[in-house]
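These are my notes from an afternoon of looking things up in one structure.

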Amino acid sequence: TMEPLEEVLNWLEYPDSYQFKYSSSYEEFQKALNVSPALPKELHIISPGPKAPKLLRVFSGTWSGVWDGILDNVLVVEKIDKDLKVEAVYSWGVAYQWNLNQPGWRRFRGKIEGQSLVLKDENDKITITYRLNPDGNLDATYKRPGIFSRSILTKVQNN
């Protein structure tokens, strides 16, 4: 609300009947606060093609989830080559309790290892692993010194 004092006074005066109403949708609210994961302006998703193994076709594209129920994240798998090397964009939103005050994104290189897609930073300090679940979602882990998080990502339909 833009008038928090008025809202609280109304709530205190009419506790049994007061109901807060949002002036905009949750998506509009997030966009206005700029807390959603950021993505680069140019994304180039190159599909592995219909003859590529199913696992490669499934991983390709855009995925969305939430780390530990706190931090929104998006994975965009732009390219998987015949040697199972991956080019991807990892993006994150805002989690004030984790001192992440600005959304951002970063490009990663990685590879397919068995049933998993593994991304690592250039210093080998960050490892993000995505494993395909039987239900079609991705089970993800994010590891770096002192940090371990989990997420389940759902495929986003690309336009």
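This is a predicted model: local features need pLDDT of at least 70, side-chain atom pairs count only at pLDDT 80 or more; totals for chains, interfaces and linings use all residues.

**Entry 1: a patch on the surface**

I found a nonpolar patch on the surface, formed by Leu5, Val8, Leu9, Trp11 and Leu12. Together these residues have about 530 Å² of accessible area.

Trp11 sits in helix H1, which covers residues 4-13. With a relative accessible area of 38%, Val8 is partly exposed.

Tyr18 is 10 residues away from Val8 along the chain, and the C-alpha atoms of the two are separated by 9.9 Å.

As background, I wrote down that nonpolar side chains in soluble globular proteins tend to be buried together.

**Entry 2: the nonpolar core**

Which residues of the largest nonpolar core touch the most other members? I found that they are Leu75, Leu119, Ile128 and Tyr130, in a core of 24 residues.

I listed the elements that give two or more residues to this core: helix H3 (54-59) and the strands S1 (61-67), S2 (71-80), S3 (85-92), S4 (104-113), S5 (116-120), S6 (127-132) and S7 (138-144). S2 gives the most, with four residues.

I then took Leu75 and looked up its contacts, leaving aside neighbours within four places in sequence. Leu75 is in contact with Gly61, Thr62 and Trp63, with Ala88 and Val89, and with Leu119, Tyr130, Leu138 and Leu153. Two of these names, Leu119 and Tyr130, were already in my notes as residues that touch the most other core members.

**Entry 3: a residue in a loop**

Is Ser60 buried or exposed? I first found its place, which is the loop between H3 and S1. Ser60 has a relative accessible area of 9%, and the limit for buried is under 20%, so Ser60 is buried.

I also looked up what Ser60 is in contact with, again leaving aside neighbours within four places in sequence. The contacts are Ile45, Ile46, Ser47, Pro48, Val77, Ile80 and Lys155.

**Entry 4: the whole chain**

I stepped back to the protein chain as a whole. I noted three helices and eight strands. Read along the sequence, the pattern is α-α-α-β-β-β-β-β-β-β-β.

The chain has 159 residues, and buried residues make up 33% of them. Its accessible surface comes to about 10900 Å², and 52% of this belongs to carbon and sulfur atoms. I also looked at contacts between residues at least 6 apart in sequence: 43% of them join residues at least 24 apart.

**Entry 5: aromatic rings**

I looked for aromatic residues next. The count of aromatic pairs comes to four. One aromatic cluster is formed by Trp67, Tyr90, Trp92, Phe108 and Tyr142.

**Entry 6: salt bridges**

How many salt bridges does the structure hold? It holds four, and I looked up some of them.

The side chains of Arg107 and Glu78 meet in a salt bridge, at 2.4 Å from N to O. Arg107 lies in strand S4 and Glu78 in strand S2, so the pair ties together parts that are 29 residues apart in sequence. Arg107 counts as partly exposed at 42% relative accessibility, whereas Glu78 counts as buried at 6%.

Arg109 forms a salt bridge with Glu87, and their closest N and O atoms are 3.2 Å apart. This pair links distant parts of the chain, with Arg109 in strand S4 and Glu87 in strand S3, 22 residues apart. Arg109 is exposed, with a relative accessible area of 61%. Glu87 is partly exposed, with 30%.

I also noted the salt bridge between Lys111 and Glu113, where the closest N and O atoms are 3.5 Å apart. Lys111 counts as partly exposed at 44% relative accessibility, and Glu113 is partly exposed with a relative accessible area of 38%.

Terms used
Residues are numbered from 1 along each chain as its sequence is written. Side-chain values use heavy atoms; hydrogens and water are left out. Patches are made of residues with over 30% relative accessible area and no salt bridge: like charges are joined within 9 Å, nonpolar side chains (Val, Leu, Ile, Met, Phe, Trp, Tyr) within 5 Å. Accessible areas come from the Shrake-Rupley method with a 1.4 Å probe; for residues, only the protein chains shown count as cover. A nonpolar core is a set of buried Ala, Val, Leu, Ile, Met, Phe, Trp, Tyr and Cys residues joined through side-chain atoms within 4.5 Å. Buried means under 20% relative accessible area, exposed over 50%, partly exposed in between (1.4 Å probe, protein chains only). Contact means heavy atoms within 4.5 Å. Rings of Phe, Tyr and Trp (its six-membered ring) pair if their centres lie within 6.5 Å; planes under 30 degrees apart count as stacked, over 60 as edge-to-face and the rest as tilted.
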